[in-house]
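Please look through the sequence and the structure before reading on.

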Amino acid sequence: MADRYWLGAAGTDANDTNNWGSASGDMGSAGAGVPGAADVAIFDGQTYVKSGTSVDVSANAFTISSHGFNNNDRIWLIPDTGYTLPEPLQERTIYHIVNKSTHTFEVSESSGGAAVDITSE
C-alpha cells in the first residue's frame with residue numbers, strides 16, 4: 001500500500017502517472033504511479049481541493065477528467081488553508097469511491113456503502 005498525492009491540474013488525466021506524486025505538492029516526486037486498489041489517493045490543499053468548483057453538491061459528485069478510479073478505491077481529502085470540505089466530509093478521513101463514471105465519482109464512508117449526501121460547500 002502506498003500514498004499517492006494528486007499533482008495534476010483540474011481537468012488533466014488521472015491515468016497519467018506524471019499527475020501523481022509520493023509527496024504533497026512536490027512536483028519532483030511526480031511519476032510515482034497511478035494509485036492502485038491497495039493505495040490511498042490523496043487530494044490535499046497543495047493540489048486539487050482548493051475550491052467548491054471541484055464538487056457538485058447537488059449531485060454529491062467530484063469531477064476529475066478521466067480519473068481512472070474504480071469503485072471501492074480509497075481517497076483522502078485535505079483542503080488548503082482557508083478552504084473547507086463540503087459538509088459533512090471530514091478531512092484526513094479515508095473515503096471509498098462509489099458510483100464512478102469516466103469523469104465523476106462519489107464517496108462513501110465504507111467500502112461498497114452508500115454515497116455521502118453532501119449538504120453544503
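In which sense do β6 and strand β7 pair, and over how many bridges? Strand β7 covers residues 94-98, and its pairing with β6 is antiparallel, over 3 bridges. The model is a predicted one, in which local features need pLDDT of at least 70 and side-chain atom pairs count only at pLDDT 80 or more, while totals for chains, interfaces and linings use all residues. Residues are numbered from 1 along each chain as its sequence is written, and side-chain values use heavy atoms, with hydrogens and water left out.

## The sheet

Two terms are needed here. Strands (E, at least two residues) and helices (H or I, at least four residues) are DSSP runs, numbered from the N terminus. Two strands pair if DSSP finds at least two bridges between them.

The model has an open sheet of 8 strands, in the order β2-β1-β3-β6-β7-β8-β5-β4, with mixed pairing. Its edge strands are β2 (20-21) and β4 (55-56), each of which pairs on one side only.

| Strands | Sense | Bridges |
|---|---|---|
| β1 (residues 3-6) and β3 | parallel | 3 bridges |
| β3 (residues 40-43) and β6 (residues 74-77) | parallel | 4 bridges |
| β1 and β2 | antiparallel | 2 bridges |
| β4 and β5 (residues 61-63) | antiparallel | 2 bridges |

Arg-4 has Ala-41 in β3 as its bridge partner. Further along, Ile-42 is partnered by Trp-76 in β6, and Arg-74 stands opposite His-96 in β7.

## Two loop residues

Burial is stated as relative accessible area: buried means under 20%, exposed over 50%, and partly exposed in between (1.4 Å probe, protein chains only). Asn-19 lies in the loop between β1 and β2. Asn-19 counts as buried because its relative accessible area is 12%. Which residues does Asn-19 touch, not counting those up to four places away in sequence? They are Tyr-5, Trp-6, Leu-7, Gly-8, Thr-12 and Asp-13, where a contact means heavy atoms within 4.5 Å.

Val-57 is in the loop between β4 and β5. With a relative accessible area of 18%, Val-57 is also buried. The C-alpha atom of Val-57 is separated by 7.7 Å from that of Pro-86, although the two residues are 29 residues apart along the chain.

## The core and the aromatic pairs

A nonpolar core is a set of buried Ala, Val, Leu, Ile, Met, Phe, Trp, Tyr and Cys residues joined through side-chain atoms within 4.5 Å. The largest such core has 20 residues, and Phe-43, Ile-75 and Leu-89 have the most contacts inside it. At least two residues of this core come from each of β3, β6, β7 and β8 (104-108).

Rings of Phe, Tyr and Trp (its six-membered ring) pair if their centres lie within 6.5 Å; planes under 30 degrees apart count as stacked, over 60 as edge-to-face and the rest as tilted. The structure holds 7 aromatic pairs. In one of them, the ring centres of Trp-6 and Phe-43 are 6.3 Å apart and the planes stand at 40°, so this pair is tilted. Because Trp-6 lies in strand β1 and Phe-43 in strand β3, the pair ties together parts that are 37 residues apart in sequence. Both Trp-6 and Phe-43 are buried.

Trp-20 and Phe-69 form an edge-to-face pair, with 6.1 Å from centre to centre and 70° between the planes. This pair links distant parts of the chain, since Trp-20 is in strand β2 and Phe-69 in the loop between β5 and β6, 49 residues apart. Trp-20 counts as buried at 0% relative accessibility, and Phe-69 is buried with a relative accessible area of 3%. One aromatic cluster is formed by Trp-6, Trp-20, Phe-43, Phe-62, Phe-69 and Phe-105.

## The salt bridge

How many salt bridges does the structure hold? There is 1, a salt bridge being a side-chain nitrogen of Lys or Arg within 4 Å of a carboxyl oxygen of Asp or Glu. The side chains of Arg-92 and Glu-91 meet in a salt bridge at 3.8 Å, N to O. Arg-92 counts as exposed because its relative accessibility is 51%, whereas Glu-91, at 40%, counts as partly exposed.
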